[in-house]
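Below are my notes on the model, as numbered points. Please read them alongside the coordinates.

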Amino acid sequence: MLTPTEKIWHNGRFIRWEDATVHVLSHVVSYGSSVFEGIRCYSTPHGPAILRLREHVRRLIDSAKIYRIENIGFSAGQLAEAMLEVVRVNKMDACYVKPIVMRGYGDVGVNGLKNPIEVYIACWEWGKYLGEEALAEGVDVCVSSWNRMAPNTLPAMAKAGANYMNSQLIKMEAVANGYVEGIALDTGGYVSEGSGENIFVVRDGRIHTPPLGASVLPGITRDSILTLAAELAIPVVEALIPREMLYIADEVFFSGTAAEITPIRSIDRITIGKGRRGPIAEKLQKEFFGVINGSRPDRNGWLTPVHAAVPVK
Ligand code: PPE
């Protein structure tokens with residue numbers, strides 16, 4: 001269960017954790033009108049540092065724009081600084097940072113354009129997403145009977161609260177059937193993504209991942225993996241993946257801020273590869289966690305130190 005921290009940032013000032021409440025008639029409650037981010041702050045040899053802060057801020061602003069929130073009220077720089085400040089104020093080391101932009105209380109009805117925009121940023125300690133052993137051992141998952149949203153229904157490129165109603169159906173069904181997670185197909189029947197993770201499939205030394213047109217969130221960890229794969233000279237194909245490709249893969253793994261890089265050892269009770277973490281997932285994990293633990297240089301400037309005195313652009 002969630003352990004509260006002291007403060008939450010709200011519209012430019014800090015309030016107590018327990019005061020960060022919304023009115024039940026806020027637009028977001030009835031209509032799901034929120035966009036948000038999930039960001040990890042890691043404990044590094046140089047103190048706490050936020051991973052890929054700029055990219056998360058950018059996606060938050062993009063998600064808002066898709067839903068016609070053209071002005072969050074804070075610049076990218078201000079939002080980034082606020083996220084660092086939340087970690088500082090709460091004296092956190094490793095934690096998960098969650099900014100939420102929502103349509104608040106005021107008007108009634110579906111059209112939320114007149115409702116005020118509320119911005120909150122919270123942080124708390126969050127451990128391993130798919131279980132302690134998952135990163136080394138791999139997880140058992142299924143293909144969901146639920147599809148990801150059709151492209152012209154809910155936009156998958158926006159990280160919107162409403163999309164997570166679909167994610168909940170995928171996740172709850174998987175858990176009810178004894179799996180850790182579900183993989184959703186898109187409405188064309190091609191592999192899309194997990195309820196909260198992007199997916200990668202390895203066969204014959206080549207990495208395959210669904211393109212953005214397959215109803216996936218443009219994951220920032222996905223992007224990190226594409227960058228690391230290029231640096232390691234591992235070929236990557238972004239193309240539609242038929243479901244059966246999952247079963248005959250040498251390796252399959254998830255990526256996400258929360259899930260990091262999590263190998264999949266079985267899908268629908270079919271063993272994937274050797275039934276444990278494969279060499280490519282392991283190599284990518286080594287590089288990814290190497291940047292965080294300082295054993296690899298931060299070549300691409302992914303880490304923003306929380307306690308540095310320089311403002312973030
Ligand atoms: N797809 C979905 C649907 C998704 O929710 C996430 C993040 C990803 C892909 C991976 O994106 P990225 O984190 O930028 O690499 N899911 C978040 C967890 C959701 C939850 O609140 O639970 C996360 O990983 O933080």
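1. At 37% relative accessibility, Asp 250 is partly exposed (buried is under 20% relative accessible area, exposed over 50%, partly exposed in between, with a 1.4 Å probe and protein chains only). Asp 250 lies in the loop between helix 7 (243-247) and strand 14 (251-256); helices (H or I, at least four residues) and strands (E, at least two) are DSSP runs numbered from the N terminus.

2. This is a predicted model, in which local features need pLDDT of at least 70 and side-chain atom pairs count only at pLDDT 80 or more, while totals for chains, interfaces and linings use all residues. Residues are numbered from 1 along each chain as its sequence is written, and side-chain values use heavy atoms, with hydrogens and water left out.

3. Beyond neighbours within four places in sequence, Asp 250 is in contact (heavy atoms within 4.5 Å) with Val 202, Arg 203, Asp 204, Ile 272 and Gly 273. The Asp 250 side chain reaches the backbone nitrogen of Asp 204 at 2.8 Å.

4. Helix 2 (residues 53-66) has buried residues Leu 53, His 56, Val 57, Arg 59, Leu 60, Ser 63 and Ala 64. Seen down the helix axis, these fall within an arc of 160 degrees, so they line one face of helix 2 (the arc is that of the directions from the axis to the C-beta atoms). Exposed Arg 58 and Lys 65 sit on the face turned away from the buried side. Arg 68, with a positive phi near 60 degrees, follows helix 2.

5. The structure holds zero disulfides (pairs of cysteine sulfur atoms within 2.5 Å). For Cys 123, the nearest cysteine sulfur is that of Cys 95, 4.3 Å away. Cys 123 is buried at 0% relative accessible area, and Cys 142 is buried at 5% relative accessibility.

Conventions
A polar contact is a pair of N or O atoms within 3.5 Å; within protein, one must be able to donate a hydrogen and the other to accept it, and residues adjacent in sequence count only if both atoms are side-chain atoms.
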